[in-house]
Amino acid sequence: MQDYNTIVGVIQMRHNDCSFSVIQKRYHIGSGTAQLILKRFDASGLTLDELRAMEPHTVEDLFYPPENLQRRDLPLPDFQYYYDRIHSPKSKVNISYCWIEYKQEHPDGYEQSQFYELYNRFVEENYGKSDIKMAVERVPGEKLYIDWVGDQPELLVDLDTGEIKKVHIFVTTLGVSSLIYAEIFPDEKLPRFIDGTVHALQFYGATPKYLIPDNLKTAVTKHTKDELILQSAYSDLEDFYDVIVLPPPPRKPKGKPTVENHVRYLETHLVEKLKEKKYTSFEELNAETKKIVAVLNSRKFQNKSYSRYDAFEKYDKPSMKPLPGGTFAVCDYKAVTKVPDNYHIEYDDHYYSVVYTHCGKPAILKATASEIRICDQYNRLICKHRRSYAKFPLYVTEDEHMRPEHLYYKEVNAKDGAYYRRWASVFGPNMSEYIDRLLKAQKHEEQAYNSCAGILHSVKELPHGIVEEAARQCVQMNSCKYKTFKQVLSRIQAGTVSRDDNLPEHDNIRGKGFYK
């Protein structure tokens, strides 16, 4: 079963005329899975926009109905038989042919991608890995390779302790020219990875079609094994720069041989040069790195009449897209497995609210210097907050995020005596007098707020005359209590208040019709 992001991503990339091989690399799926998603999309009769408007779990159930997820355990195919056939002398049988033959005999058997994976695992376990290498045809300006140099030299001197600290070298190389960008960071955490990528694209002054970053573990050192964070970061980069991120398989450096070769090159020509002296700041270290890399990029290739800069200007840059307007907001990412029951997510000793209906669900918090963004597990924006640096309050809460009953209590607790006196004055002088006495009857005024709120909320839809009369009688009886008011009001509304029918007619006498 594939998740919502993979389903929608496959369909979107196919609509953008991306090849199946690119789609498979982007989402680490087999061709059978990609085709199955597209087939079920066509069968659904929905548009991509309609699909995006649906809830993620609904989309997942539509493409992978729960009743289809359970299947009986299948015995492994006889991979030794297929291996012998493929490697027999003069045989032209390949793994694709073997799978087709297998499916004809076992229609309910493993699909193509599963068959391939199990076969390759069998070959590796029984015959070892193959060292055969494939020639790679580079396309101008198509791919930007990203990696960290394995060597972590001790170059930075701590002026306070005299300790010499290790540094981490971020490096990229591009397309046909192999133009190098390098930058020094204190660690390899996700924010540094994003910073380095943004700075590299600014250095090239254009964007490629694909970003080929280092394996997942390196890219998410700060959030180990946190796929949620990684997909969110990649998605943000893709959206802003209109690129496709194609991470190679974890722990398989041969998926990016171009940058691996240049990493080894820089370990000699950059790192050894930097080791000739010590540095007291990253600014100083990066200034020196910039000078060394500029020399390397200007140096002529062996047996060639041109340099990396020359090849970049001639081949790569004309094939690349211009940078988008504005600046990519580099942020810190925090994954939340479950939104707490109080619907607030902690960041930097403050707690930011999210809509209470997201309690118990995964979320992603993205923090910039001025803003907090909270997204769901599919990287869709839920809400935004202005980032707080004040010591108090610790909880940053939007009213629309609260449960209705919580909002009510918040409103009640936020009021004071002056507020309830102003509200009572709307009904008339008797109600003002009643509320004032109710507040003063307590040892502490705050102890009467709930009673005031309860009374004023209960009469806000009633005619003012009825409310005024109930308040007048309570004041006259010198019993300004919540219970007394409710009893008097109930008698008035029931029409049981005793009146003298022989009262003379006068303009100042209201009469019984006043209370209807």
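Tutor: The account below begins with a sheet, then turns to charged pairs and ends with a helix. The model is predicted, so local features need pLDDT of at least 70 and side-chain atom pairs count only at pLDDT 80 or more, whereas totals for chains, interfaces and linings use all residues. Residues are numbered from 1 along each chain as its sequence is written, and side-chain values use heavy atoms, with hydrogens and water left out.

Strands here are DSSP runs of E with at least two residues, and helices are runs of H or I with at least four, numbered from the N terminus; two strands pair if DSSP finds at least two bridges between them. Strand β12, residues 350-353, pairs with β16 in the parallel sense over two bridges. Within this pairing, valine 396 of β16 is the bridge partner of tyrosine 352.

Glutamate 346 and lysine 334 meet through their side chains in a salt bridge, at 2.9 Å from N to O (a side-chain nitrogen of Lys or Arg within 4 Å of a carboxyl oxygen of Asp or Glu). Lysine 334 belongs to strand β10 (residues 332-336) and glutamate 346 to β11, so the pair ties together parts that are twelve residues apart in sequence. With buried meaning under 20% relative accessible area, exposed over 50% and partly exposed in between (1.4 Å probe, protein chains only), lysine 334 is partly exposed at 24%, and glutamate 346 is partly exposed at 26%.

The loop between β10 and β11 contains asparagine 342, which is partly exposed at 35% relative accessible area. Its C-alpha atom is separated by 7.7 Å from that of cysteine 359, 17 residues away along the chain.

Elsewhere, the salt bridge count comes to 22. One of these pairs is glutamate 101 with arginine 85, at 2.8 Å from N to O. This pair links distant parts of the chain, 16 residues apart: glutamate 101 is in helix α7 (residues 95-105) and arginine 85 in helix α6 (residues 79-87). Glutamate 101 counts as buried at 17% relative accessibility, while arginine 85 counts as partly exposed at 21%. Another salt bridge joins lysine 165 and aspartate 158, whose closest N and O atoms are 3.3 Å apart. Here lysine 165 is partly exposed at 35% and aspartate 158 is buried at 18%.

Finally, helix α1 (residues 4-15) has twelve residues, and its end C-alpha atoms are 17 Å apart, which agrees with the 16 Å that it should span at 1.5 Å a residue; the expected span is 1.5 Å times one less than the number of residues. Its buried residues are Tyr4, Thr6, Ile7, Val8, Gly9, Val10, Ile11 and Met13. These are covered by elements including α2 (20-27), α3 (31-44), α4 (48-53), α5 (56-63) and β8 (244-245), contact meaning heavy atoms within 4.5 Å. Just after α1, aspartate 17 adopts a positive phi of about 65°.
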